[in-house]
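Here is a short tour for a reader new to this structure.

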Amino acid sequence: MTSNSIENNLYARLGIDKPERAQLAVLETENGKVWTYGDLSAMAQSLAQKLLDLGVRLGDRISVQVGKSPEALALYLSCLRIGAVYHPLNTAYSLAELKYFLENAAPRLLICSPENEEPLNALAQACGVEATLTLDIEGNGSLMKDLPPGQTCDPLSVELSTSAALLYSSGTTGRPKGIVLTHQNLASNAEVLVKLWGFSADDVLLHCLPIYHVHGLFVACHCVLMSGASMLWNSAFEANSAMAQLQRASVMMGVPTYYTRLLALPEFNADSCGSMRLFISGSAPLLSSTFAEFEERTGHRILERYGMTETGMSISNPLSGERKAGTVGFPLPGVELRIEDDNGVTVPAGEVGNLLVKGPNVFKEYWGMPEKTAADFTQDGFFKTGDLASIDPECYVAIVGRSKDLIITGGLNVYPKEIELAIDRCEGVLESAVIGLPDDDFGEQVVAVVVPDGTLDSEALERRLRSDMQEILAGFKRPKKYILLDGLPRNAMGKVQKALLRERFASETVITE
Ligand code: AMP
């Protein structure tokens with residue numbers, strides 16, 4: 001193998017095996033355990049060999065539903081190393097949800113938490129998965145038993161065009177779509193971001209995000225690993241603990257909720273930020289009021305950026321230069337964007353239209369859905385993001401709304417159609433519409449407007465809905481409130497007018513769950 005081809009995949013470009021880094025810290029866990037790059041690289045190589053021993057080959061999917069641990073990060077890296085396709089799953093997914101993902105992704109292996117082994121093993125077998133292994137947050141489990149010495153052979157056939165990851169999103173039809181990202185998609189995006197946001201080996205990133213999503217796994221970890229920096233590795237975000245750790249960090253990446261929670265601490269101020277150089281926000285809109293209050297309290301202007309699973313990061317406010325509240329800044333180097341009306345005609349500057357993106361960051365395909373992939377790209381290779389945006393006279397892009405009515409609660413996406421389908425299957429329900437209503441803490445909360453079929457009284461119906469949803473939906477997707485109506489407002493074409501529902505119930509934000 002030539003040294004050129006060694007550099008030709010994301011694993012190599014992240015540089016975790018570099019001998020000069022072996023003694024440098026890559027992460028520190030909440031209980032103070034420090035992992036060096038050497039430790040991470042050795043673990044990734046051992047796991048790579050273990051996967052090979054288990055029969056994993058180039059292009060095989062590895063589905064993973066485990067808690068956040070350094071070993072889980074090493075597992076992701078081991079998949080990159082051997083050209084397996086990493087398929088992370090939200091830890092909150094229910095069995096019913098997992099069934100769909102396992103059937104659709106058809107992985108060779110499933111790695112899960114030991115406490116879920118029994119039901120998931122049965123499910124995996126029924127879905128034709130070869131083996132189920134376990135990994136807990138302490139790094140124990142059957143995956144870690146009898147780990148072989150590191151994989152020594154070079155990852156010969158893993159090229160930039162090789163698929164690296166499969167992450168599921170979901171469209172208006174409610175059926176989650178598998179998004180296939182290549183080594184090239186991920187590597188090119190990471191390289192741009194490292195430069196754009198000024199990452200260096202001196203950086204210490206406060207990492208509190210989950211690692212089953214693009215934000216925590218790709219954006220955060222790739223920026224750190226590629227630049228030889230390190231991270232303070234937290235299993236979740238807790239405001240007091242995050243504030244204390246800012247004293248030792250230089251960069252924080254978070255969803256807007258993290259920033260509102262820090263601001264909710266009366267003692268949070270400029271001194272709390274130690275020698276932080278950069279606060280980055282994304283995955284959901286950052287309110288201008290949060291941006292302003294954060295600056296007033298700390299002197300820091302939060303850098304807001306925009307991206308999605310299909311594209312990684314596409315647009316960012318600048319590191320040096322004006323960061324404008326309510327905007328996501330400029331297209332990343334190498335990324336082209338266009339704003340069009342529904343007929344594909346570019347809208348005049350300042351007007352709102354559909355946002356389209358093109359660049360090496362844009363995903364390869366929807367897994368097993370060639371027609372959907374084709375439909376979401378223009379003839380000249382632009383991807384239709386489904387978001388609405390406008391560009392101001394200084395060329396800053398503002399994300400205006402989501403054309404697909406996606407709800408984002410605490411930075412996590414909830415697709416109304418999926419919840420509606422679940423509700424409509426419940427006894428006593430005629431039909432439903434699920435909308436997002438403003439929520440001070442989570443940005444939005446999930447609210448279900450339900451039309452009863454008259455077979456249950458309203459109390460019994462609400463009890464039924466709550467218990468059914470508890471069984472089949474992850475907590476963050478469950479409606480916080482149910483509103484019973486005689487009928488849904490529809491337009492002349494028969495489409496439910498969700499904007500009217502949102503307007504009508506905008507003040508009904510009391511959390512009743
Ligand atoms: P995901 O695929 O989970 O990363 O979600 C992508 C969606 O999150 C985008 O299509 C946007 O609707 C939304 N999003 C991400 N970042 C921002 C942002 N800074 N402002 C507004 N919406 C955002």
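A polar contact is a pair of N or O atoms within 3.5 Å, and within protein one must be able to donate a hydrogen and the other to accept it. Keep that in mind for the pairs below. The model is a predicted one.

Start with S432. S432 sits in strand β23, which spans residues 429-439. Its relative accessible area is 8%. Buried means under 20%, so S432 counts as buried. The side chain of S432 makes a polar contact with the side chain of D424, at 2.6 Å.

Now take T132. T132 belongs to strand β6, residues 131-134. With 13% relative accessibility, T132 is buried. The side chains of T132 and N121 are joined by a polar contact of 3.3 Å. Beyond its neighbours within four places in sequence, T132 is in contact with L110, C112, L120, N121 and A124.

Most residues other than glycine have a negative phi. Two exceptions deserve a look. A106 is not a glycine, yet its phi is positive, about 45 degrees. S283 also has a positive phi without being glycine, near 85 degrees. Where do they lie? A106 is in the loop between α5 (95-105) and β5 (109-112). S283 is in the loop between β12 (278-281) and α11 (288-298).

Is A106 buried, partly exposed or exposed? A106 counts as partly exposed. S283, on the other hand, counts as buried.

| Residue | Relative accessibility | Class |
|---|---|---|
| S432 | 8% | buried |
| T132 | 13% | buried |
| S283 | 18% | buried |
| A106 | 40% | partly exposed |

**The nonpolar cores**

The largest nonpolar core holds 113 residues. Which of its residues touch the most other members? They are L73, Y76, L77, W197, M252 and M253. Helix α8, residues 214-227, gives the most to this core, with 10 residues.

L77 shows what such a residue meets. Leaving aside its neighbours within four places in sequence, L77 is in contact with Y11, L14, I16, L40, A44 and L225. Another core lies apart from the largest one. This other core has 20 residues, including I423, V434, A448 and F476.

The chain is divided into domain 1 (37-158) and domain 2 (407-504). Taken over C-alpha atoms, their centres are 35 Å apart. The contact takes 6 residues from domain 1 and 8 residues from domain 2.

How much area is buried between domain 1 and domain 2? The figure is about 430 Å², and carbon and sulfur atoms give 52% of it. Between domain 1 and domain 2 the count is 1 salt bridge. Across this interface, 2 residue pairs are in polar contact, both at pLDDT 80 or more.

Definitions and conventions. Residues numbered from 1 in each chain as written. Predicted model: local features only at pLDDT ≥ 70, side-chain atom pairs only at ≥ 80, totals over all residues. Heavy atoms only, no water. Core = buried A, V, L, I, M, F, W, Y, C linked by side-chain atoms within 4.5 Å. Buried < 20%, exposed > 50% of the residue type's maximum accessible area, 1.4 Å probe, protein only. Helix = DSSP H or I, 4+ residues; strand = E, 2+ residues; numbered from the N terminus. Contact = heavy atoms within 4.5 Å. Domains from an automatic or database assignment. Buried area = accessible area lost by both parts, 1.4 Å probe. Salt bridge = Lys/Arg side-chain N within 4 Å of Asp/Glu carboxyl O.
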